[in-house]
Amino acid sequence: MHELTAQGNDEHLSRQLLHRATNTGWIEVIAGSMFSGKSEELIRRLRRAKIARQKVQVFKPQIDTRYALDYIVSHSEMRHESNAVASSAELLSQVEPDTEVIGIDEAQFFDNGLVSVANELARRGVRVIIAGLDQDFRGVPFDPVPQLLSIAEYITKTHAICVRCGQPANYSQRIVESEERVAVGASDMYEARCRRCFVPHADAPTAHLVEASIDL
Ligand SMILES: [Zn+2]
């Protein structure tokens with residue numbers, strides 16, 4: 001037991017060795033609100049895989065053009081090269097046969113086909129690491145991240161810090177008005193809030209939110 005605790009930092013390495021022995025791949029999902037360090041954690045794992053001299057490929061959806069097309073970038077400005085793809089099918093078609101580790105950022109902007117693509121890659125023996133927003137700005141589960149959480153072997157839930165009260169934050173509060181569910185925005189459009197301070201829709205009322213609240 002003590003040994004396991006002491007090896008906490010190397011948990012991914014242990015997983016790797018474990019799975020390697022059986023020659024199977026697996027899926028890791030890093031999910032959380034905005035500003036919770038998802039991309040940073042993804043980049044950290046990818047860097048470690050590279051240090052281990054594994055062949056790594058990284059993908060992100062074309063919709064995310066916040067910073068640079070050829071990089072995934074965390075809010076803290078860590079970056080890693082990536083390929084922007086239009087769909088999960090295009091992602092699968094670009095995977096090279098000798099790739100051992102695949103990183104996918106901003107999973108919430110992909111189509112639902114990403115679920116079967118992730119399964120297929122893991123079946124081939126690839127370690128698939130996926131980062132994504134698990135809820136939209138209304139606090140509604142953001143497809144396909146909930147489905148990816150279901151099929152993943154390993155899940156990491158990241159938390160931001162609530163800007164109102166300093167508690168761990170699980171929600172992305174939209175602070176400007178917008179009609180889009182998917183507004184690709186940086187810090188000026190959203191802020192991290194805890195459950196108590198999160199007020200869905202309050203700061204950015206829109207017409208179809210009335211509709212959405214019926215679904216809830
Ligand atoms: Zn709070």
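**View 1. Glu-28 stands opposite Ile-129 in strand E7 of a predicted model.** The model is predicted: local features need pLDDT of at least 70, side-chain atom pairs count only at pLDDT 80 or more, and totals for chains, interfaces and linings use all residues. Residue numbers start from 1 along each chain as its sequence is written. E1 and E7 run parallel and are joined by seven bridges. Strands (E, at least two residues) and helices (H or I, at least four) are DSSP runs, numbered from the N terminus.

**View 2. Six strands form an open sheet with parallel pairing.** The strand order is E5-E2-E6-E7-E1-E8. Strand E5 (83-85) and strand E8 (154-158) are the edge strands, each pairing on one side only. Two strands pair if DSSP finds at least two bridges between them. On average, neighbouring strands of this sheet are turned by 20 degrees against each other, direction ignored.

View 3. Axes are lines fitted to C-alpha atoms, for helices over the stretch in contact; angles run from 0 to 180 degrees between N-to-C directions.

**View 4. The largest nonpolar core has 44 residues.** Ala-107, Ala-118, Val-128, Ile-130 and Leu-148 touch the most other members. Such a core is a set of buried Ala, Val, Leu, Ile, Met, Phe, Trp, Tyr and Cys residues joined through C-beta atoms within 7 Å. Elements that each supply at least two residues include strand E1 (26-32), helix H3 (38-51), strand E7 (127-133) and helix H6 (145-151). H5 gives the largest share, six residues. Ala-118 touches Ile-27, Val-128, Ile-130, Leu-148 and Ile-151, not counting residues up to four places away in sequence. Contact requires C-beta atoms, placed from the backbone, to lie within 7 Å.

**View 5. Cys-194 lies in the loop between E12 and helix H7 (208-215).** Cys-194 is buried because 21 other C-beta atoms lie within 10 Å. The cut-offs are 20 or more such atoms for buried, 12 or fewer for exposed, and partly exposed in between, with C-beta atoms placed from the backbone. Leaving aside neighbours within four places in sequence, Cys-194 is in contact with Cys-162, Cys-165, Gln-167, Pro-168, Ala-169 and Asn-170. The C-alpha atoms of Cys-194 and Cys-165 are separated by 8.0 Å, with the two residues 29 apart along the chain.

Technical notes: Contact = placed C-beta atoms within 7 Å.
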